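Welcome, and thank you for taking a look at this model. Let us walk through it together, one region at a time.

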Amino acid sequence: MEKSCSLLVHFDKGTPAIANEIREALEGNDVEAKIDAMKKAISLLLNGETLPQLFITIVRYVLPSEDHTVQKLLLLYLEIIEKTDAEGRVLPEMILICQNLRNNLQHPNEYIRGVTLRFLCRLNEAEIIEPLIPSVLQNLEHRHPYIRRNAILAMMSIYKLPQGEQILVDAPEMIEKLLSTEQDPSAKRNAFLMLFTCAQERAVNYLLTNVDKVSEWGELLQMIVLDLIRKVCRTNRGEKGRYIKIIISLLNVPSTAVVYECAGTLVSLSYAPTAIRAAANTYCQLLLSQSDNNVKLIVLDRLNELKSSHREVMADMFMDILRALSSPNLDVRRKTLDIVLELVTNRNINEVVLTLKKEVVKTQNGELEKNGEYRQMLIQAIHSCAVKFPEVASTVVHLLMDFLGDSNVASATDVIVFVREIIETNPKLRVSIITRLLDTFYQIRASRVCACALWIVGEYCLSLSEVESGLATIKQCLGELPFYSRSEEDEGHDSSKKVQQVNSMTVSSKRPAILSDGTYATQNAASETAFSPPTFVQGSLASGNLRSLLLTGDFFLGAVVACTLTKLVLRLEEVQPSKVEVHRASTQALLIFVSMLQLGQSPVFPHPIDNDSYDRIVLCIRLLCNTSDEIRNIWLQSCHHSFVSMLAEQQLRETEEIRARAQISHAQPDDLIDFYHLKSRKGMSQLELEDEVQDDLKRATGEFIKEGDAANKLNRILQLTGFSDPVYAEAYVTVHHYDIVLDVTVINRTKETLQNLCLELATMGDLKLVERPQNYTLAPESSKKIKASIKVSSTETGVIFGNIVYETSNVHERTVIVLNDIHIDIMDYISPAVCSDGAFRTMWAEFEWENKVAVNTVIQDEKEFLDHIMKSTNMKCLTAPSALDGQCGFLAANLYAKSVFGEDALVNVSIEKQVDGKLSGYIRIRSKTQGIALSLGDKITLKQKGGI
């Protein structure tokens, strides 16, 4: 039978100590040998050995020792040995211990007294403790605070024993008297802790009597005071008014730990705006004063919780929170921006944007390593502000366009996407944005940014001057034609081999990427990085950025150039009265198209042009050679309408989410409402009045009612044994982030008393049992509730299994009942989340664990299957609903979720309807860790049938 123990010692099973060797060492006079022997004896006892003959040896040779280490090890030995017989009676030889303990409690050395008093805290046998009570009480008046504080703890432990109140009848009264005279902070804290634990009313009376002195008490005592206030207010919320004043007074103490706990206590007890404002101010001060990034992140989490429930109060704190951007840590900055962006209102938008602009400028001047990532975060934040409040777009768009040539590709991409959206939603800014974009186009160095900028030029250059400037800018960036001349091919094939080898480093670096529809494509690494000029074709860096990118083999960009030139020429036909100029522009565009095709089909070039880009450029050539009104309408209007529809759909989705959150009902129409204007205000401070009002309001809106009803709780109950077993057991499983709590109800269905009934649990996966449940005695047909706590360390499906073991008076052997396994569902740890398409693709490329699950289902509708997978896996679909509309027999969608441990789960669903109506395809799961990928795969395999 296993026992609870307060210490753990490493034990090397490879070299077990022999009892005879230990005894010889203990009988000798060498102190070091005695210390080593005692350690070996303790290790053996902790690992199941009995060593019955060793006790007398230790009493004879170890008890008289004056060495402090030996005495400490002796107390550890006495703590772990068995002190009672099979029937629970104290062994007679334990009387020998009592005399030694009494001598130690009266020892002239303070250390010996102190460790002996601490040993008494872990002693449960009243027969051994009772003779020592007078000595313990004498130590309460010792001159040294170390002894007094341990004597108080010993009294508290003794008083909490089953017979403790009879052994120490007037202990609370004695401690209360001691508390009024004690000067040592630690001893005072221990005395108050004892009153708090054993005589709560006395602790409350002492607190209210000395309410004016609380702010002068020590840090340790103030923390216990906060614990007492929380406990009292949970049981009697009506009395919290007078305690809130104490908490407010503690907000100004120098201890940051006390101030942090005060703010948390204040938020948990009161909903009054004054109290919430005081707590938020405290958190903001901690955020700025603490240098530890972990502390900053914890404080930001608390501010985020406040923002969720008290947004109006927090909206006034945005500047204080924004000061946390001075921290160099990216995680702190990211959390700060996330909080502030949800606090933006019409009143503070200008100040927020001004601060963000200053931060963007700082990133340009600084030399910090993470400046690029920080700038990207700021750009995304400004983008979000501009979408919510279009009037600020004009103040930021030109500043951000300076970063189109940023070496950080992700940052530059965010800028161009922001510009693309603003130019559509703010028509007044169109002319200035186009002019600025054409002026700075030559600075752009990333292919993705160039492609988006070219699309903007093709769509929003409307006037004659804009179209001509657009054509001139593109021609200038492409440089002189042709890109490749025949004479270079004839220079010799010997040099071409060397050239191919040199350039293969740049051009052949390809990897699969996931497109926005979920399908795979091959992309050049050169398209995501700054260009690297080749040496084998005509042209130089001075020729322009488009030319340099084309010469690295980026023919997708070439296709985008062709489409942009085609749109500009078609628009030039509408705005240019001179047909000669139109024909000249059309001819020059055709020459560029042919030159790109020539470059792509060059035998010297290591990788020829891909089929998609080739077909696109050829289509542009045919279009300019023979244009109809219908084709012109498709190119100049339909493309723009699609973009407008996409923006409108995004706005609609955001609006629907906000409306859905706002429509959550907290109260029923027939609930009672308390009219607080009719309340008696006599003797109430402003804070107490606010608190009463807010309590009434929360009660009226139903926010005091906990979510979840009895039906949901019943779903959590798992049967562990059968109805025919002599002991019936069932467990109620509660999963809360990192903790799993099992409330196990055990019922004795027999007519006999069950002795030493123990719930033995074991875990598989990343689960750890915190402590083993103790033994119980169950009367006939009685029940017992047993709690077990389990810690979770990662998102992985875990299994808890075990037995119930007990003894009866009739049967000498122990009876074992095997319990049903408890499977901890991965769905308890993951929740739907949102991320951008760019972030999804980046994570998809970086994550190394992939689990590929083949589709096998009876569901025959693609959309219905996707909905079923989303519901089963608790994930959110990132693919726009409009992209999933229609019946084409094929569906590709990206799903995303985040775990409570911060892990990302990515899923790509690609399915196709076969001729026989069945669905086929694959579901790919990617994650950074193996556990979440495998667990999600198992879940999908189990649930995808549709009938489960």
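Two strands are said to pair if DSSP finds at least two bridges between them. Helices (H or I, at least four residues) and strands (E, at least two) are themselves DSSP runs, numbered from the N terminus. Residues are numbered from 1 along each chain as its sequence is written. What you see is a predicted model, in which local features need pLDDT of at least 70 and side-chain atom pairs count only at pLDDT 80 or more, while totals for chains, interfaces and linings use all residues; side-chain values use heavy atoms, with hydrogens and water left out.

S10 runs antiparallel to S6, and nine bridges join the two. Met764 has Val799 in S10 as its bridge partner. Val799 also stands opposite His823 in S12. That strand, S12 (residues 822–824), is antiparallel to S10 and joined to it by three bridges. Strand S11 (residues 815–818) pairs with S10 as well, in the antiparallel sense and over four bridges. There, Tyr806 has Thr815 of S11 as its bridge partner.

Strand S6 (residues 754–764) also contains Asn756. Asn756 has a positive phi of about 50 degrees, although it is not a glycine. Most residues other than glycine have a negative phi. With a relative accessible area of 25%, Asn756 is partly exposed. Asn874 also has a positive phi, near 60 degrees, and is a residue other than glycine. You will find Asn874 in the loop between helix H39 (862–873) and strand S15 (876–877). Asn874 counts as partly exposed, at 28% relative accessibility.

Next comes an open sheet of five strands, in the order S3-S4-S5-S9-S7, with antiparallel pairing. Its edge strands are S3 (717–719) and S7 (767–769), each of which pairs on one side only. From one strand to the next, the twist averages 30 degrees.

Now turn to the helices. In H11 (residues 171–181), the buried residues are Ala171, Pro172, Ile175, Leu178 and Leu179. Seen down the helix axis, these buried residues fall within an arc of 120 degrees, so they line one face of H11; the arc is that of the directions from the helix axis to the C-beta atoms. An α-helix has 3.6 residues a turn, so residues three or four places apart point the same way. The face of H11 turned away from the buried side carries the exposed residues Lys177, Ser180 and Thr181. The buried residues pack against helices H9 (145–159), H12 (185–198) and H13 (200–209), where contact means heavy atoms within 4.5 Å.

Finally, look at H32 (residues 555–575) and H33 (residues 579–600), which pack at an angle of about 170 degrees with their axes 10 Å apart. Axes are lines fitted to C-alpha atoms, for helices over the stretch in contact, and angles run from 0 to 180 degrees between N-to-C directions. H32 and H33 are therefore roughly antiparallel to each other, a label for angles over 145 degrees. Residues making the contact include Phe555 and Leu565 of H32 and Ile592 and Phe593 of H33.

Key. Buried < 20%, exposed > 50% of the residue type's maximum accessible area, 1.4 Å probe, protein only. Parallel < 35°, antiparallel > 145°, perpendicular 65-115°, else oblique.
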